[in-house]
Structures are given as C-alpha cells and as structure tokens.
Amino acid sequence: MCIRDSSILAQTYFEICNVLDLVGNSNDHINYARKGLTLDGKKHPLVTNRLLREIGYAYSKNGTIDSLIPIYNKAVYWAEYAKDSSEIAISRIRLASAYRRIGDIKKSIQLLLDTKPYVKASNDIHRESGLLFTLANAYNSNGDNELAISYFKEASEGFLKAGDKKMYAATLISIGIAANDSGNQ
C-alpha cells in the first residue's frame with residue numbers, strides 16, 4: 001500500500017512513535033519521528049510540532065538533554081506557524097523545562113511567565129496545571145521553596161479537577177520535597 005498524502009503519513013509516523021514509547025525503545029521512537037519530519041511540515045504543522053516533541057521526549061528519557069533546546073525551539077516554531085495556543089503552550093512549557101534541566105533557571109521562569117497567555121487562551125485546566133507544575137519546579141530549583149510550594153499546591157488542585165491522578169500525586173510528592181528542602185519537615 002502506498003500512502004500518497006504526506007499529512008496522513010506524518011500522522012502515521014506520530015502514532016507509531018506513541019506505540020514505540022510504550023513498547024519499543026527510544027532509538028526506534030526517534031527514528032520514526034525523524035521519518036515524519038522528512039515530510040513537508042507546512043502541510044501538517046501540528047503533526048510536525050508533535051513529532052519534534054516526541055523526539056524531545058525520547059531524548060529526555062534517555063538523558064540526551066543537551067539536544068532538547070533546539071528540538072523544542074523548532075516545536076515552538078511549528079506550533080506558532082499553526083497558530084494553535086494549546087500546542088504553543090505545551091511546546092513552550094517543554095522548552096522551559098529543558099532550560100531548567102540545563103541550569104538556566106532564570107530563562108525557564110521567564111519563558112513560563114511569558115507562556116501564561118497561551119495557556120489561558122487554550123482554556124485547558126490540565127495545560128494550566130502543567131505550566132504551574134513546571135514553574136514550581138523551576139522555583140524549587142532556584143531555592144525559592146515557599147513560592148514553589150504555592151505553585152505546586154495550585155497545580156495539584158488543577159490536576160485533581162482534570163482527573164489526572166498521576167500528576168496530582170506527583171505534585172503532592174513535590175510539595176513534600178520542597179517543604180523538606182525549606183526546613184519545614
């Protein structure tokens with residue numbers, strides 16, 4: 001069977017990436033995402049954005065954090081090209097998280113604060129909670145434990161409303177770590 005529509009083929013590569021994330025290895029995950037990226041991104045900018053985020057996610061899982069910034073910058077570009085607030089928000093949140101991981105906390109915090117309008121425009125409680133959680137992690141990395149706790153608490157309420165038990169639990173654990181770090185056992 002020959003797939004002639006590059007958008008369908010790009011989406012197929014993206015779906016294969018999702019499966020490989022669960023049952024494959026990160027090299028296969030990256031290879032299929034790269035195959036999707038060889039197609040004309042202007043025909044499917046949101047899929048291109050997601051394929052780039054898949055590569056970033058796989059790099060993050062295998063510890064290749066030095067490659068995250070350029071990948072997520074490209075993902076932001078394609079989300080902005082598509083003018084999709086939700087995708088812009090998630091790509092910028094991932095970019096900010098990457099900056100935090102390489103130690104540029106100030107840039108991470110500023111990027112997250114600048115991303116709030118995109119999150120609000122997406123009208124997505126889960127996305128908003130993700131931004132707050134990432135912002136809390138940045139403040140915690142910066143030693144601003146009390147501010148981190150405040151953002152973690154706000155994020156936990158949002159994750160609870162969104163029904164995301166895994167992230168709700170992660171925020172509760174993070175609150176405990178930040179409280180411990182601040183000397184408030």
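Modeller: The second largest pocket is lined by Phe14, Asn18, Asp21, Arg50, Arg53, Glu54, Tyr57 and Arg94. Here a pocket is found on a 1 Å grid over the protein atoms alone, as an open set of points where a 1.4 Å probe fits, with protein on both sides within 12 Å along at least five of seven lines; lining residues have an atom within 4 Å of a point. The model is a predicted one, in which local features need pLDDT of at least 70 and side-chain atom pairs count only at pLDDT 80 or more, while totals for chains, interfaces and linings use all residues. Residues are numbered from 1 along each chain as its sequence is written, and side-chain values use heavy atoms, with hydrogens and water left out.

The second largest pocket holds about 250 Å³ of space, a volume being the space filled by probe spheres set on the points, which are joined across faces, edges and corners. Helix H1 (6–23) and H3 each supply at least two of its lining residues, and H3 gives the largest share, four residues. Helices are DSSP runs (H or I, at least four residues), numbered from the N terminus. By class, this lining has two nonpolar, one polar and five charged residues; Ala, Val, Leu, Ile, Met, Phe, Trp, Tyr, Cys and Pro count as nonpolar, Asp, Glu, Lys and Arg as charged, and the others, Gly among them, as polar.

Tyr57 and Arg94 also belong to the lining of the largest pocket, where they are among the residues that lie nearest its centre, together with Phe133, Thr134 and Met167. The elements that give two or more residues to this lining are helix H3 (45–62), helix H4 (68–82), helix H5 (85–101), helix H7 (125–141) and helix H9 (165–181). H5 gives the most, with six residues. The largest pocket has about 750 Å³ of space, and its lining comprises 10 nonpolar, five polar and five charged residues.

Helix H7 also contains arginine 127. This residue counts as buried because its relative accessibility is 16%, and buried means under 20% relative accessible area (1.4 Å probe, protein chains only). The side chain of arginine 127 makes a polar contact with that of serine 86 at 3.1 Å; such a contact is a pair of N or O atoms within 3.5 Å, and within protein one must be able to donate a hydrogen and the other to accept it, while residues adjacent in sequence count only if both atoms are side-chain atoms.

Key: Buried < 20%, exposed > 50% of the residue type's maximum accessible area, 1.4 Å probe, protein only.
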